[in-house]
Amino acid sequence: MAMGQAPWDMAWLALAGLIAAFLVFSTVRTPLSAVGAGWGVGLGYFGIALAWVVEPFQVDAAATAWMAPFALFLLAAGLALFWSIAFWGAVHAPLRRRLFALAVTWAAAELARAYVFTGFPWAMVGYLWAPTDVIQWVSVVGPHGLTLLTLALAALFATAFGAGRRSLLPGAVAAVALATLVVGGAAMVPPLQDSTGRPVVRLVQPNAPQTQKWNRDWVPVFFRRQVDFTAAPATDGLERPSLVVWPETAVPMLLDNADEALGIITDAAYPGRVVLGIQREEEGRWYNSLILAEQGPVVTEVYDKSHLVPFGEYMPAASLFARFNIAGLAQRAEGGYAAGPGPRILDFGGGIGSALPLICYEAVFPQEVRLAPGRADLLLQITNDAWFGTFSGPYQHLAQARIRAIEQGLPMLRAANTGVSAVIDGAGRVLDQLPLGEAGYLDAPLPLPLRVTLYSRMGDLPALALFVLLGGALFWRRRRTVR
């Protein structure tokens, strides 16, 4: 199942693993064995799919490397509890409905995983379709609706295998359902747009390894590299960029102390403007922020990250962990970062239009995009994926950024410190990118907004209502009169 996630992208192998999980469930008969099966499936899945979690602990290996195996096991074991509850619930359905009851409870558990304890919807089951056209269904039913469809499909195939030669009907229904998903997804892919005459944007990727990013000897090297990329001549055939995008925490100082640096940056970008990640302090609170600046320097827009990474940018129960000298891995102030007021839309002007900013982790949450006060013209993600290593984490993060673009029908600009920086259109196509682990910049015309999707209007409420209705139908037992 884990092979369906990036960088493996083996969707069909993942589907086979999912069907096998249903077949395992079909053998259980008691609630306790169902809990064990669900937890075991979840532990194996999350342990492999989220193996990149050990990478942040290697940045300061002398102090934190010992935590890595514990962090991976505890995260995988904790997320597996959601699945164990789903398996436990499904075993209480009438025997003939149990596989489909599991599809509903499992999808509901994935929905809960996206919200409970601030949420962690990384590596959701429905994401196994990311490398295929089937992923286009998220524009209609959202990621949780696609997860339900995927699990129902696996239940159909498991039913067909269980029926054996006794009945061809379950297998035929499963084949038709799979064909509907595949053909329907392909039919929903919008045609590629003509970007002639569109404003040009430039994404800057300094490739600053996390072990060197805040080193005093390396800070000026990375700063100058980004300035040089910003000032570089326009790419052949394109105009000078109207907007230059630097990644998360790209400037190594607080905003209040950055006038000289911002002057250098905006002069290099002129006549365009610059979006960049920077930290700022206000009344003793530190924020992980994004700003829009123009020559002067003048800062015209500020956005503070609102959905912070627990155990990374802040510590839950900080006073308790402080007794053991344990702090958030990415926090830059005692007690961690403070959260901003929430999603907001920034006016970039200059033909660019309005943008919804997402700083790193925020692009993992479908609901974060829908909480914005209105519809923007594009999504803008700045991130520092150097924390995620060089194997699976950055590619999974990119895949989720693509899915956010499909859900909303909006283009996304993605500037990542070590990669993968990308220009993505509203169909989730990566139009241009900078590879992982390379320093450079790319110029590209800004894609136009595409469709206003059903999911962008309705969000997760239809999926939640469907879970309730299906759950009621599958778990309902007819009363019998006993004489």
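**Strands, cavities and overall build**

Author: Let's start with a residue pair: E281 stands opposite W286 in strand 4. Keep in mind that this is a predicted model.

Reader: OK, how many bridges join strand 3 to strand 4, and do they run parallel or antiparallel?

Author: There are 9 bridges between strand 3 and strand 4 (residues 285–294), and the two run antiparallel. They form a hairpin with 2 residues between the strands. E283 sits in that turn and has a positive phi of about 55°.

Reader: What about strand 2, how does it run relative to strand 3?

Author: Parallel. Strand 2 (residues 243–245) is joined to strand 3 by 3 bridges. The chain gets from strand 2 to strand 3 by way of helix 9 (residues 259–269), a right-handed β-α-β crossover.

Reader: Which residue does V244 stand opposite?

Author: V274, in strand 3.

Reader: Switching topic: how many cavities of 30 Å³ or more are in there?

Author: The structure holds 3 of them.

Reader: Which residues lie nearest the centre of the largest cavity?

Author: K213, F222, Q226, T249 and A250, out of 15 residues that line the largest cavity.

Reader: How does that lining of the largest cavity divide into nonpolar, polar and charged?

Author: For the largest cavity it's 10 nonpolar, 3 polar and 2 charged.

Reader: Now the second largest cavity, what lines it?

Author: Its lining includes G4, Q5, A6 and D9, along with W122, A123, Y127 and A130, and also Q396, A399, Q400 and I403. That lining of the second largest cavity divides into 7 nonpolar, 4 polar and 1 charged.

Reader: Zooming out, how many helices and strands does the chain have?

Author: The chain has 14 helices and 12 strands. Its radius of gyration is 24 Å, close to the 23 Å that the globule rule gives for 483 residues, so the chain is as compact as a globular protein of that length.

Reader: What box do the C-alpha atoms fill?

Author: Roughly 90 × 60 × 35 Å, taken along the principal axes.

Reader: Last one: what share of the residues count as buried?

Author: Of the chain's 483 residues, 55% count as buried.

Key:
Residues numbered from 1 in each chain as written. Predicted model: local features only at pLDDT ≥ 70, side-chain atom pairs only at ≥ 80, totals over all residues. Heavy atoms only, no water. 1 Å grid on protein atoms, 1.4 Å probe; cavity = no way out; pocket = protein on both sides within 12 Å on 5 of 7 lines; lining within 4 Å. Points joined across faces, edges and corners; volume = space filled by probe spheres on them. Nonpolar A, V, L, I, M, F, W, Y, C, P; charged D, E, K, R; others polar. Pairing = 2+ DSSP bridges. Helix = DSSP H or I, 4+ residues; strand = E, 2+ residues; numbered from the N terminus. Right-handed = clockwise from strand over helix to strand, strands pointing away. Rg over C-alpha atoms; globule rule 2.2 N^0.38 Å. Buried < 20%, exposed > 50% of the residue type's maximum accessible area, 1.4 Å probe, protein only.
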